Amino acid sequence: MCRFYAAEVIVALEYLHEKGIVYRDLKPENILVQDSGHIMLTDFDLSLCLISDHGEYNEWKSRSFVGTEEYIAPEVLWGKFHSYPVEWWSFGVFLYEMSHGQTPFRGFSRKDTFVNIMSKDPFFSSSSSLDDLIQKLLAKEPTERLNRKQIKSHQFFWDM
């Protein structure tokens, strides 16, 4: 089931990215399961459109501090410009929560959570292909994080 829902989220994010939209609020509360069993993303309040009114793609990134605290990517906390890689960080947190029952960086306070995101690595009790995927999604540097093509070709989606 984890593989199925992970694939569904990837397809949804991929669609948004093709339309020039950075979702910026991926978390379980914003993923609805329809009667058909397929997912649907909801709550687009924090989304950012990188396509102008004239249909041109803007090569700029955001610097705004938005998102749900346990899912915020390090580059957002560092105040750096950010774009699509923040989605794949949040996707890694989502996969971790779905497979481990909790988010990987939760602290006793908001500040502790942010310090954990910036400085700690998630705990893994096994060395499964899922855990390998999550580790590669939770790379602190966005340039080291997997992109959508690498995610889709990862061993986790091919293990049966």
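## Overall layout

Read along the sequence, this chain runs α-β-β-β-β-α-α-α-α-α, which comes to 6 helices and 4 strands. Helices (H or I, at least four residues) and strands (E, at least two) are DSSP runs, numbered from the N terminus. The model is predicted, so local features need pLDDT of at least 70 and side-chain atom pairs count only at pLDDT 80 or more, while totals for chains, interfaces and linings use all residues. Residues are numbered from 1 along each chain as its sequence is written, and side-chain values use heavy atoms, with hydrogens and water left out.

Of the 160 residues, 46% count as buried (under 20% relative accessible area, with exposed over 50% and partly exposed in between; 1.4 Å probe, protein chains only). Among contacts (heavy atoms within 4.5 Å) between residues at least 6 apart in sequence, 58% join residues at least 24 apart.

## Helix α1 against helix α3

Two packed helices are described by the angle between their axes and the distance between the axes. For helix α1 (residues 2-18) and α3, the angle is about 165° and the axes are 11 Å apart. Here axes are lines fitted to C-alpha atoms, for helices over the stretch in contact, and angles run from 0 to 180 degrees between N-to-C directions. That makes α1 roughly antiparallel to α3 (over 145 degrees; under 35 is roughly parallel, 65 to 115 roughly perpendicular and the rest oblique).

Which residues of α1 and α3 meet? From α1 come Cys 2, Tyr 5, Ala 6, Val 9, Ile 10, Leu 13 and His 17, and from α3 Glu 87, Trp 88, Phe 91, Phe 94, Leu 95 and Met 98.

## Aromatic pairs

Rings of Phe, Tyr and Trp (its six-membered ring) pair if their centres lie within 6.5 Å; planes under 30 degrees apart count as stacked, over 60 as edge-to-face and the rest as tilted. By this rule there are 7 aromatic pairs. In one of them, Trp 88 and Phe 91 have ring centres 5.9 Å apart and planes at 85°, so the pair is edge-to-face. The two residues are 3 apart in helix α3 (residues 85-100), about one helical turn. Trp 88 is buried at 4% relative accessible area, and Phe 91 is buried at 0%.

Trp 89 and Phe 105 have ring centres 5.5 Å apart and planes at 15°, so this pair is stacked. Trp 89 lies in helix α3 and Phe 105 in the loop between α3 and α4 (110-119), so the pair ties together parts 16 residues apart in sequence. Both Trp 89 and Phe 105 are buried.
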